[in-house]
Amino acid sequence: MDHTAHHTGTGTAHEHAAHEGHAGPEGHGGGHPGASWSAAAKATLHCLTGCAIGEILGMAIGTALLWGNVPTMALAIGLAFVFGYSFTLFAVRRAGLGLKSAIKVALAADTVSIAVMELVDNGIIALTPGAMDAHLDEALFWGALLGGFVVAFFVTTPVNKWMIGRGKGHAVVHAYH
């Protein structure tokens with residue numbers, strides 16, 4: 001996902017106000033008044049997109065190979081982190097950051113967000129009766145997985161808002177726009 005799409009220099013006053021207070025590569029300045037719900041939702045959707053790709057791929061692979069619940073969830077979680085980080089990594093690399101610095105930014109930007117999403121999403125899947133034993137062709141499999149993403153979005157957005165408002169999480173990516 002392209003982080004630069006919403007910051008082309010022709011944005012609205014609201015978009016520019018959301019970016020005021022940048023203090024270079026470290027993120028938002030200490031005096032940043034907070035983050036908007038819109039910025040938090042965009043950051044969460046960005047992160048959720050990568051997580052969902054990895055999660056669906058991992059669940060589908062584990063289920064198709066008839067793996068048990070633990071290895072399937074481990075693969076899904078691992079791939080969610082890989083894809084979640086990769087979206088940010090590619091965006092900051094495209095902005096000109098070196099690989100080592102880009103990895104640090106991606107880890108700082110997305111670790112908490114991905115961890116919260118994965119905890120919520122996988123918790124919902126694990127707690128939905130029969131979901132972990134459902135097959136790829138069953139509505140229960142897809143319903144629990146996609147429903148978990150929806151709940152994870154609503155749980156993670158306030159976390160991202162809080163972090164961005166303090167110059168952490170996704171705020172570190174905005175320094176490279």
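The questions below go from the whole chain to single residues.

Me: What kind of model is this, and how are its residues numbered?
Reply: It is a predicted model, where local features need pLDDT of at least 70, side-chain atom pairs count only at pLDDT 80 or more, and totals for chains, interfaces and linings use all residues. Residues are numbered from 1 along each chain as its sequence is written, and side-chain values use heavy atoms, with hydrogens and water left out.

Me: What is the pLDDT of the protein on average?
Reply: pLDDT is the predictor's confidence in each residue, from 0 to 100. The average here is 81, and 79% of the residues score at least 70. Where pLDDT is low, the predicted coordinates should not be read in detail.

Me: How many helices and strands are there?
Reply: The protein has 6 helices and 0 strands. Both are DSSP runs numbered from the N terminus: helices are H or I with at least four residues, strands are E with at least two. Along the sequence the pattern reads α-α-α-α-α-α.

Me: How do you know that the span of helix 5 agrees with its number of residues?
Reply: The expected span is 1.5 Å times one less than the number of residues. Helix 5 (residues 139-165) has 27 residues, so it should span 39 Å; its end C-alpha atoms are 39 Å apart, which agrees. Helix 2 has 28 residues and reaches 38 Å, close to the expected 40 Å. Helix 3 has 26 residues and reaches 37 Å, close to the expected 38 Å.

Me: Where does helix 5 bend?
Reply: The bend is at threonine 156 and is about 30°. That angle lies between axes fitted to the seven residues ending there and the seven starting there. Proline 158 follows within four residues. Alanine 41, in helix 2 (residues 37-64), is 115 residues from threonine 156 in sequence, yet their C-alpha atoms are 8.8 Å apart. Alanine 41 also touches Phe153 and Thr157, not counting residues up to four places away in sequence. Contact means heavy atoms within 4.5 Å.

Me: Why is asparagine 160 called buried?
Reply: Buried means under 20% relative accessible area, exposed over 50%, and partly exposed in between (1.4 Å probe, protein chains only). Asparagine 160 has 3%, so it counts as buried. Its place is in helix 5. Leaving aside neighbours within four places in sequence, asparagine 160 is in contact with Ala40, Ala43, Thr44 and Ser113. Across the protein, buried residues make up 43% of the 177 residues.

Me: Why does leucine 127 count as exposed?
Reply: Its relative accessibility is 72%, so leucine 127 is exposed. Leucine 127 lies in helix 4.

Me: What makes glycine 130 partly exposed?
Reply: Its value is 38%, so glycine 130 counts as partly exposed. Glycine 130 is found in the loop between helix 4 and helix 5. Its C-alpha is 8.4 Å from that of phenylalanine 141, 11 residues away in sequence.

Me: How do you know that glutamate 118 has no salt bridge?
Reply: A salt bridge needs a side-chain nitrogen of Lys or Arg within 4 Å of a carboxyl oxygen of Asp or Glu. Lys and Arg count as positive, Asp and Glu as negative; His and the chain ends are not counted. For glutamate 118, the nearest side chain of opposite charge is arginine 94, 21 Å away.

Me: What is the phi of leucine 66?
Reply: Phi of leucine 66 is near 60°, a positive value in a residue other than glycine. Most residues other than glycine have a negative phi. Leucine 66 lies in the loop between helix 2 and helix 3 (69-94). With a relative accessible area of 67%, leucine 66 is exposed.

Me: Which glycine takes a positive phi just after helix 3?
Reply: Glycine 96 does, at about 105°. Helix 5 is followed by glycine 167, whose phi is positive too, near 75°.
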